[in-house]
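Let's take a walk through this model together, one region at a time. Keep the structure open beside you as you read.

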Amino acid sequence: KLASLPSLRRQHLLAEFAGLKQACPDGVFVSLTPGDPSLWSGVLFVRRGPYATAVLRFQISFPDTFPALPPLVTFSTDMFHPLITPLTTYMYSTDIHDSGTVSATDDERLPPGGFSMRHGFPHWFGRRSRQVSAQSAAASTPPRPGGSTTTTPNSAVSSLSTASPSTLLTAGRHKDVSAYEVLRYLRSAFDDADVLDSIPLEAAGNPGAWHAWRTHRRGVAGKALPATPEPPGAAPAPAPAPVGKSTEATRRPGEWNWEGVWEERTKRGITASISEAVLYGNAGGSDEVINFLNMDEADVEGTKNNLMRTMGA
């Protein structure tokens, strides 16, 4: 994998990572995967806002064409969030057709746990721009042998990385996006309610969480949110079935009773994210790059004091 990255791109990612040591968004910790600068492991400590106190693990897989094409962000911590595809969902597309949601073979598909960045970085997405790039790249880039359709973070990024850097996104590209900006937006999607309010349904990775959040804001916070129509032909979002009653397959998401759903599922997810089994037992996770150490209060205070002395405070 390391050899497949162009030297310039590899150095670019290493330089960006080095810069984050001096200025990383508050509450975000990232680490390089040994031998692979294109794969970062991260932990988000949510300190305020709707998801306060959650501790979330994620990975960022950068294509060798970054920043012309987006990285793939996947969460291994399950969280009920409008932008995160549920871990129990096979695949969700981030592109919308006039005839509805495109199939799972679309290049912008998200794997389970995938974080949708269509809202934060719209210039990275759009079928028309992608088709222009693919047509330009076809003449200069040989096809990849034995293309795999396995849905993993690496394979999903590979599907976004078949074009050469010189021919990418000539249409719809506004500016290069740094890794710092990706991390800052990632954090804001958890600690800033206004960011969640501004997400359109077509950018959601979890339409059910999107509806539940808006119901929460209207009912609990008294926030008036503009109605967002369903994309034509879009499939209904999954919704909890009323206890003791049968569901109707033809009902649309907006017709479901979402009262209390966001509060209940988010509270459950936050509690699970900070449980000892998840933090210290690596329960359900495969990240071996960042590990937590279970320390008592005295050890924590001693470590903090040592850090303060090291920083000259």
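Which backbone oxygen lies 2.6 Å from a polar atom of the side chain of Ser116? In this predicted model, the oxygen belongs to Ala203. To find the serine, look in the loop between β8 (109-110) and α2 (127-140). Ser116 counts as buried because its relative accessibility is 1%, and the cut-off for buried is under 20%. So here you have a buried serine whose side chain has a polar atom 2.6 Å from the backbone oxygen of Ala203.

Thr215 sits in helix α6, which covers residues 207-219. With a relative accessibility of 14%, Thr215 is also classed as buried. If you look for a polar atom of the Thr215 side chain, you will find the backbone oxygen of His211 at 3.0 Å.

Now let's turn to the strands. Four of them make up an open sheet, arranged in the order β1-β2-β3-β4, and their pairing is antiparallel. The edges are taken by β1 (28-33) and β4 (72-75); each has a single partner strand, so one side of each has no neighbour in the sheet. On average, and ignoring direction, neighbouring strands in this sheet are turned by 25 degrees against each other.

Within the sheet, follow β2 (residues 36-45) and β3 (residues 55-61), which pair in the antiparallel sense over seven bridges.

Is Thr74 buried or exposed? Thr74 is buried, as its relative accessible area is 8%, and under 20% is what buried requires. Although Thr74 and Ile60 are 14 residues apart along the chain, 6.7 Å separates their C-alpha atoms.

Leu307, Met308 and Met311 make a nonpolar surface patch of about 350 Å². Of these, Met308 can be located in helix α9, which spans residues 297-310. How does its side of the story differ from the buried residues above? Met308 has a relative accessibility of 43% and therefore counts as partly exposed, a class that lies between the 20% limit for buried and the 50% limit for exposed.

Notes. Residues numbered from 1 in each chain as written. Predicted model: local features only at pLDDT ≥ 70, side-chain atom pairs only at ≥ 80, totals over all residues. Heavy atoms only, no water. Pairing = 2+ DSSP bridges. Helix = DSSP H or I, 4+ residues; strand = E, 2+ residues; numbered from the N terminus. Axes fitted to C-alpha atoms, helices over the stretch in contact; angles between N-to-C directions. Buried < 20%, exposed > 50% of the residue type's maximum accessible area, 1.4 Å probe, protein only. Polar contact = N/O pair within 3.5 Å; in protein donor to acceptor, adjacent residues only side chain to side chain. Patch = residues over 30% accessible without salt bridge, like charges linked within 9 Å, V, L, I, M, F, W, Y side chains within 5 Å. Areas by Shrake-Rupley, 256 points an atom, 1.4 Å probe, with all protein chains shown as cover. Salt bridge = Lys/Arg side-chain N within 4 Å of Asp/Glu carboxyl O.
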